[in-house]
Amino acid sequence: MLGIRTIEIEVEGLTVKGTLQWSTHSFYQLELYVPYSGPVYTFTFPKLFPPFRDESLLEIEQNAKSHLRTLYYKCEGIKKEIPKIERTLKEFWTEIQSIPVLSPSEWKQKNEFLKEAMLAGYMDKAIYEKTIYDLTTVMEKKQNEREKRCESFLIQYLPEFSHLQNHFSWIRFCYEFTEKKHLLLL
């Protein structure tokens, strides 16, 4: 990803914020973080390459604001359904956590460690590249497995939300919502 921008809108008097990340492949990822943390939406836009002109950025941001509003309303809708599946959701969360997938920060740390090892002479460039390729392949497989299982869960228990992208982010949102609710009751 080439950059991160904060997007902010107001919906029904409430401030809604998200982060927008973009890449050179016209692939954008929008992550909601206020008032809810976690749900992610991915979208494409006509190919634009950095440096972005101001009018291009404005057009992308307007598109992202529309998607951010949609993310907020999807959260409001799914929140109402969570109590119906809370126990099943918690069991599924425990199960899905058994699929080890590196977080972006762990991935970056692992890459930096391998690069430092190469620069220090512990491995040559070919071994470094093969290791990165193998690690990427394994992580993609695990991420795809986790995503497919999350999609199956949504299809089974929340079919009206199964069309959403980034299924794991929605399962995480639902689980964290149940945990926050219990903390508020204590």
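Which residue forms a salt bridge with Lys 90, and how far apart are the closest N and O atoms? The partner is Glu 179, with the closest N and O atoms 3.4 Å apart. The model is predicted, so local features need pLDDT of at least 70 and side-chain atom pairs count only at pLDDT 80 or more, while totals for chains, interfaces and linings use all residues. Residues are numbered from 1 along each chain as its sequence is written, and side-chain values use heavy atoms, leaving out hydrogens and water.

**View A. Salt bridge between Lys 90 and Glu 179.** A salt bridge requires a side-chain nitrogen of Lys or Arg within 4 Å of a carboxyl oxygen of Asp or Glu. Lys 90 belongs to helix α1 and Glu 179 to helix α4 (residues 167-185), so that distant parts of the chain, 89 residues apart, are linked (helices are DSSP runs of H or I with at least four residues, strands are runs of E with at least two, and both are numbered from the N terminus). Lys 90 is partly exposed at 26% relative accessible area, and Glu 179 is partly exposed at 31% (buried means under 20%, exposed over 50%, and partly exposed in between, with a 1.4 Å probe and protein chains only). Glu 86 joins Lys 90 and Glu 179 in a network of salt bridges.

**View B. Salt bridge between Arg 5 and Glu 61.** The closest N and O atoms of this pair are 2.3 Å apart. Because Arg 5 lies in strand β1 (residues 3-11) and Glu 61 in helix α1 (residues 54-96), the contact ties together parts that are 56 residues apart in sequence. Arg 5 is partly exposed, at 31% relative accessibility, whereas Glu 61 is buried, at 15%.

View C. Glu 129 and Lys 125 meet at 3.8 Å, N to O. Lys 125 is exposed at 54% relative accessibility, and Glu 129 is partly exposed at 44%.

**View D. Aromatic pair of Tyr 36 and Phe 173.** Rings of Phe, Tyr and Trp (its six-membered ring) pair if their centres lie within 6.5 Å; planes under 30 degrees apart count as stacked, over 60 as edge-to-face and the rest as tilted. The centres of Tyr 36 and Phe 173 are 5.5 Å apart with planes at 75°, so the pair is edge-to-face. Tyr 36 is buried at 12% relative accessible area, as is Phe 173 at 3%.
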